[in-house]
Amino acid sequence: MTSVSTHPDHHRISPVFLGLAAVMGVSGWAVWSGLADVTGVAVFFFVVSGWIVSLCLHEYAHAHTALRSGDTSVAAKGYLTLNPFKYTHALLSIVLPVVFVVLGGIGLPGGAVYIERGRIRGRWRHSLISAAGPATNALFAAVLTAPFWLDAMGQVPFAFRYALAFLAMLQVTAAILNLLPVPGLDGYGVLEPWLSPAARRQAEPFAPFGLLVVFGFLWVPAVNGVFWDGIGHVMGVLNVTDLDVAYGYDYFRFWQGEPELSVTPQP
């Protein structure tokens, strides 16, 4: 009998994901070449499709690490196909994060895939499964910003530069927010195996509301200011300026008109 972890259909990349990757590639090319009638529309599709691709990769990283740690059930559930419709919480994993990007320009994390933790032995493995998602966002951010920190932006069109900056900022915010030790987020998942059973029981009822609690706190001006200062510092380390991100967000909101570039960025 074929194991669920080795069945080819359980590992085959979903056409849905390939379609999203194609949209990202075509819209990115349109931004680069300037062929779109409204550059902001192309930026919008590039960022949204890129963001959904990153969410799929985030969830895949959880599932793949769980598979390697002993939970072979993730294969039969379709998590390894990168199909966003296969994830346990489609609303939390895909829809709400995209809405947060559109409304607030912030990359809030989504819900995790369902891992059968009883199949996994060892606290370190449980922690690594939770850490794999944010690590994927951090890696994606590093790849997107490579032209910035490699000083290779000289021939990159301004609109594409700004779109990359904004999409990378979303990855940074997702990685940082998801590492917060709040029940329901991956940061808590990293710590949970090391907590006492009593502490885990006390935190469990709050897990479904962790994402909303984080979103609510970001509306507090003092918290919001500290958060964005931290994001700006991380982006600065990656050689991406606040202006790069701001112009990217302005292009993304194409319905408000394209920005007037009053400052020429340094290559």
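In helix α10 (residues 210-217), the residues G210, L211 and V214 are buried, where buried denotes under 20% relative accessible area, exposed over 50%, and partly exposed the range in between (1.4 Å probe, protein chains only). Viewed down the axis of α10, the buried residues fall within an arc of 100°, so they line one face of the helix; the arc is that of the directions from the helix axis to the C-beta atoms. Helices (H or I, at least four residues) and strands (E, at least two) are DSSP runs, numbered from the N terminus. The model is a predicted one, in which local features need pLDDT of at least 70 and side-chain atom pairs count only at pLDDT 80 or more, whereas totals for chains, interfaces and linings use all residues. Residues are numbered from 1 along each chain as its sequence is written, and side-chain values use heavy atoms, with hydrogens and water left out.

The largest nonpolar core contains 68 residues, of which M235 and F252 touch the most other members; such a core is a set of buried Ala, Val, Leu, Ile, Met, Phe, Trp, Tyr and Cys residues joined through side-chain atoms within 4.5 Å. When residues up to four places away in sequence are not counted, F252 touches G40, V43, F44, V47, V48, V101, V102 and F166, a contact being defined by heavy atoms within 4.5 Å.

The second largest pocket has a volume of about 220 Å³, and its lining consists of V99, F100, L103, G104, I106, F215, L218, W219, N224 and W228. The elements that give two or more residues to this lining are α4 (90-104) and α11 (221-237), and the largest share, four residues, comes from α4. By class, the lining has eight nonpolar, two polar and no charged residues. On a 1 Å grid over the protein atoms alone, a pocket is an open set of points where a 1.4 Å probe fits, with protein on both sides within 12 Å along at least five of seven lines, and lining residues have an atom within 4 Å of a point. For the classes, Ala, Val, Leu, Ile, Met, Phe, Trp, Tyr, Cys and Pro count as nonpolar, Asp, Glu, Lys and Arg as charged, and the others, Gly among them, as polar.

G105 is placed in the loop between α4 and α5 (123-144) and is buried, with a relative accessible area of 4%. Beyond residues up to four places away in sequence, G105 touches F100, F166, M169, L170, W228 and Y249. The C-alpha atoms of G105 and I129 are 28 Å apart in space, and the two residues are 24 apart in sequence.

Within helix α2 (residues 39-69) lies H58, which counts as buried at 6% relative accessibility. Leaving out residues up to four places away in sequence, H58 touches G133, P134, T136, N137, N178 and D186. E59 also lies in helix α2 and counts as buried at 2% relative accessibility; its C-alpha atom is separated by 9.1 Å from that of T136, 77 residues apart along the chain.

Most residues other than glycine have a negative phi. L82, although not a glycine, has a positive phi of about 65°; L82 lies in the loop between α3 (73-76) and α4 and counts as buried at 7% relative accessibility. D151, likewise not a glycine, has a positive phi of about 55°; D151 is placed in the loop between α6 (146-149) and α7 (158-178) and counts as exposed at 58% relative accessibility.

Methods: Grid points are joined across faces, edges and corners, and a volume is the space filled by probe spheres set on the points.
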